[in-house]
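Subject: Structure handover

Hello,

Here is the structure for your files. My notes on what was found in it follow below.

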Amino acid sequence: TLQISEELNKPKKLEGIKVLVTSGPTIEPIDEIRFISNYSSGIQGNAIANEFYSQGANVTLVSGPVNIKPQKGVNVVKVTSANEMLDACLSSLPVDIAVCAAAVSDWRIKNKIKGKVKKDNTKKTLTLLENKDILKTISNHIKRPKLVIGFAAETENIEYFAKKKLFKKNCDWILGNLVDIKTNTFGSE
């Protein structure tokens, strides 16, 4: 018990630091029951938020729909779409550190369809609009955090695309994740 007591009484390295973490997927509806998304589980973003919190940081986790909960003490903002995630992130500024680990949907449907689209043997066309880039927006914001970290989920040439993204998004660090279907990156520990 002495060792546990000493550990609990140690000063936290990140006390007083405000951190924003994004996590999980975003979902863009097509109709009332179908959507565009990805396989992100939120495990990585939640682990990052938990570690910052355990080091004494004041953490806001903006999370898309996931089936895991961060540890008690992490401020969670639940969102569904990329636009909701962007709004929640901007509302959380200013922070000292932003870690954009969410797998944000790059596109949304121009006109969400009411009800459920029925099969009727006709060709369907969906018009996609590009979502605003959350990492790039935060990296270039007037209230830009001192440290902005992003992730590059790639299926090939990970180093090349990660470096390209680093400069294009104007962030400080990029961590590359190989997400090829054979890697089991999404949803794994």
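In which loop does Pro-94 lie? Pro-94 is in the loop between H3 and S6, where helices (DSSP runs of H or I, at least four residues) and strands (runs of E, at least two) are numbered from the N terminus. The peptide bond that joins Leu-93 and Pro-94 is cis, with omega about 5°. Most residues other than glycine have a negative phi, and most peptide bonds are trans.

Before the rest, two notes on how to read this. This is a predicted model, in which local features need pLDDT of at least 70, side-chain atom pairs count only at pLDDT 80 or more, and totals for chains, interfaces and linings use all residues. Residues are numbered from 1 along each chain as its sequence is written, and side-chain values use heavy atoms, with hydrogens and water left out.

Overall

The protein chain has 5 helices and 10 strands. Of its 189 residues, 36% are buried; buried means under 20% relative accessible area, exposed over 50%, and partly exposed in between, with a 1.4 Å probe and protein chains only. Among contacts (heavy atoms within 4.5 Å) between residues at least 6 apart in sequence, 66% join residues at least 24 apart.

Strands

Strand S1 (residues 18–23) is largely enclosed by the rest of the structure, because 5 of its 6 residues are buried. S1 runs parallel to S4, joined by 6 bridges; two strands pair if DSSP finds at least two bridges between them. In that pairing, Lys-18 stands opposite Asn-58 in S4. S1 is also parallel to S6, with 4 bridges, and here Leu-20 stands opposite Ala-98 in S6.

S6 in turn pairs with S9 in the parallel sense over 4 bridges, and Cys-100 has Gly-150 in S9 as its bridge partner. S9 also pairs with strand S10 (residues 173–178), again in the parallel sense, over 6 bridges. Phe-151 stands opposite Leu-175 in S10. S9 is mostly covered, with 7 of its 8 residues buried.

Cores

A nonpolar core is a set of buried Ala, Val, Leu, Ile, Met, Phe, Trp, Tyr and Cys residues joined through side-chain atoms within 4.5 Å. The largest one has 20 residues, of which Leu-20, Val-62, Met-85, Cys-89 and Ile-138 touch the most other members. Helix H3 (82–92), strand S6 (97–100), helix H4 (134–139) and strand S9 (147–154) each give two or more residues to this core. H3 supplies the largest share, 4 residues.

Leaving aside residues up to four places away in sequence, Cys-89 touches Leu-20, Thr-22, Val-62, Ile-134 and Ile-138. A second, separate core has 15 residues, including Val-19, Val-21, Ala-57 and Ile-97.

Pocket

The second largest pocket has a volume of about 210 Å³. On a 1 Å grid over the protein atoms alone, a pocket is an open set of points where a 1.4 Å probe fits, with protein on both sides within 12 Å along at least five of seven lines, and lining residues have an atom within 4 Å of a point. Grid points are joined across faces, edges and corners, and the volume is the space filled by probe spheres set on the points.

Strand S4 (58–63) and strand S5 (75–78) are the elements that give two or more residues to the lining. Among the lining residues are Asn-46, Leu-61, Pro-65, Lys-69 and Lys-78. By class, the lining has 7 nonpolar, 3 polar and 2 charged residues; Ala, Val, Leu, Ile, Met, Phe, Trp, Tyr, Cys and Pro count as nonpolar, Asp, Glu, Lys and Arg as charged, and the others, Gly among them, as polar.

Single residues

Asn-121, in the loop between strand S7 (107–109) and strand S8 (128–130), has a positive phi near 60°. Asn-121 counts as exposed because its relative accessibility is 86%. Asn-170 also has a positive phi, about 65°, and lies in the loop between helix H5 (158–169) and S10. With a relative accessible area of 35%, Asn-170 is partly exposed.

Ser-105, in the loop between S6 and S7, is at 5% relative accessibility and so counts as buried. Among the residues that Ser-105 touches, not counting those up to four places away in sequence, are Thr-26, Ile-36, Ala-82 and Asn-131.

Regards
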